[in-house]
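Please read the following report alongside the sequence and the coordinates. It begins with annotated positions and then turns to confidence, the core, the ligand and some individual residues.

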Amino acid sequence: MTTSQNTPQSHDPKIIVALDYADSASALKLVAQLDPALCRLKVGKELFTSAGPQFVESLARSNFGVFLDLKFHDIPNTVAKACSAASNLGVWMLNVHASGGMEMMQAAKQAVDTSASKPLLIAVTVLTSMNQQTLNQIGIQTDIATHVLNLATLTQQAGLDGVVCSALEAEILRTKLGNDFCLVTPGIRPANVNKDDQSRVVTPADALNMGSSYLVIGRPITQAANPLKALEAIHAECVS
Ligand SMILES: O=c1ccn([C@@H]2O[C@H](COP(=O)(O)O)[C@@H](O)[C@H]2O)c(=O)[nH]1
């Protein structure tokens, strides 16, 4: 597995907790309850928009690795500049949308690789909230697993480190794209937990068995009565 030179952890926790909060104070309250031996952190559009790059930079200096999940999607020059700026925050991983195409992804990769910290760069294939019907609604008639494989293949050809996909597609991507390609899978739900707005969901243990490299988990941890206990239970399920 490719690893970032700036990874602050010598170990490699598989769980990435999604800090989907409205402000930095709420996010930090959760972070204070978590154990960096068990997880990394993800900052997405809501928290980044409210708390800003300085917050991400300070979080990236903590013992947690930070995945900056802004899913850049624009013309190549704009995405490359955004990726340079994001890399300079010292994050462990960042992402773009694979549907931005080869030229956009190559520009992003070049920007990341010429930064001082060289974070991992991955691309979103098909959002885990989407199903076959929502894919058809945007004009794509290909079956979802094939579309994910096509976008992931393009991502690998562009030289990126991996993709965001559902764990439902992890087995086919592992077979076709090899063991060194990073598969980051949101849509993770322990058994009997609400799916919320996710469509393509898999349990934590099944996701790892199917070939996921990292599990992105938000509400099952952040909205638990005791987030650390929820994290520990998921971690235990994964290692057993
Ligand atoms: O395809 C995708 C890409 C990103 N996400 C993000 O992951 C978390 C999931 O949160 P849950 O509360 O566990 O559903 C969230 O931040 C999404 O923006 C995704 O779900 N699917």
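## Annotated positions in strand 3

D69 is found in strand 3, residues 66-72, where helices (H or I, at least four residues) and strands (E, at least two) are DSSP runs numbered from the N terminus. This is a predicted model, in which local features need pLDDT of at least 70 and side-chain atom pairs count only at pLDDT 80 or more, whereas totals for chains, interfaces and linings use all residues. Residues are numbered from 1 along each chain as its sequence is written. The UniProt annotation "active site", from an unreviewed entry, covers D69, K71 and D74; UniProt positions are given in the numbering used here, feature names are shortened, and annotations may be inferred rather than shown by experiment.

D69 counts as buried because 25 other C-beta atoms lie within 10 Å, the cut-offs being 20 or more such atoms for buried, 12 or fewer for exposed, and partly exposed in between, with C-beta atoms placed from the backbone. K71, which is also found in strand 3, is partly exposed, because it has 16 other C-beta atoms within 10 Å. Not counting residues up to four places away in sequence, D69 touches K42, V43, G44 and N95, while K71 touches N95, V96, H97 and V124; two residues are in contact if their C-beta atoms, placed from the backbone, lie within 7 Å.

## Confidence and annotated domain

The mean pLDDT of the chain is 95, and 96% of its residues reach 70 or more, pLDDT being the predictor's confidence in each residue, from 0 to 100. The model scores ipTM 1.00 and pTM 0.96. Over residues 1-8, however, pLDDT stays under 50, and the model has 23 contacts beyond four places in sequence for that segment. Where pLDDT is low, the predicted coordinates should not be read in detail.

For "domain: Orotidine 5'-phosphate decarboxylase", the unreviewed UniProt entry lists residues 14-234. That span is 43% helix and 17% strand, and its end C-alpha atoms lie 11 Å apart.

## The nonpolar core

The largest nonpolar core has 76 residues, and those with the most contacts inside it are V17, V66, V91, A108 and I122; such a core is a set of buried Ala, Val, Leu, Ile, Met, Phe, Trp, Tyr and Cys residues joined through C-beta atoms within 7 Å. Helix 4 (residues 102-113) gives the most to this core, with six residues. In soluble globular proteins, nonpolar side chains tend to be buried together.

Leaving out residues up to four places away in sequence, V66 touches R40, L41, V43, V56, L59, A60, V91 and W92. I122 has its place in strand 5 (residues 120-124) and is buried, because 28 other C-beta atoms lie within 10 Å. With neighbours within four places in sequence set aside, the contacts of I122 include M93, N95, L160, D161 and C182. I122 and R40 are 82 residues apart in sequence and 16 Å apart in space, C-alpha to C-alpha.

## The shell around the ligand

Which of the 15 residues around the ligand come nearest? They are A18, L127, P186, G218 and R219, a residue being near a molecule if its C-beta atom, placed from the backbone, lies within 6 Å of it. The shell divides into seven nonpolar, five polar and three charged residues, where Ala, Val, Leu, Ile, Met, Phe, Trp, Tyr, Cys and Pro count as nonpolar, Asp, Glu, Lys and Arg as charged, and the others, Gly among them, as polar.

A170, found in helix 7 (residues 170-177), counts as buried because it has 23 C-beta neighbours inside 10 Å. The C-alpha atoms of A170 and A207 are separated by 7.8 Å, although the two residues are 37 residues apart along the chain.

I234 lies in helix 10 (residues 227-239) and is buried, with 24 other C-beta atoms within 10 Å. Not counting residues up to four places away in sequence, I234 touches I15, P190, P204 and I217; the C-alpha atoms of I234 and I217 are separated by 9.7 Å.

## Positive phi in two loops

Most residues other than glycine have a negative phi. K118, in the loop between helix 4 and strand 5, has a positive phi of about 45° although it is not a glycine. D196, in the loop between strand 7 (182-185) and helix 8 (204-210), likewise has a positive phi, of about 55°.
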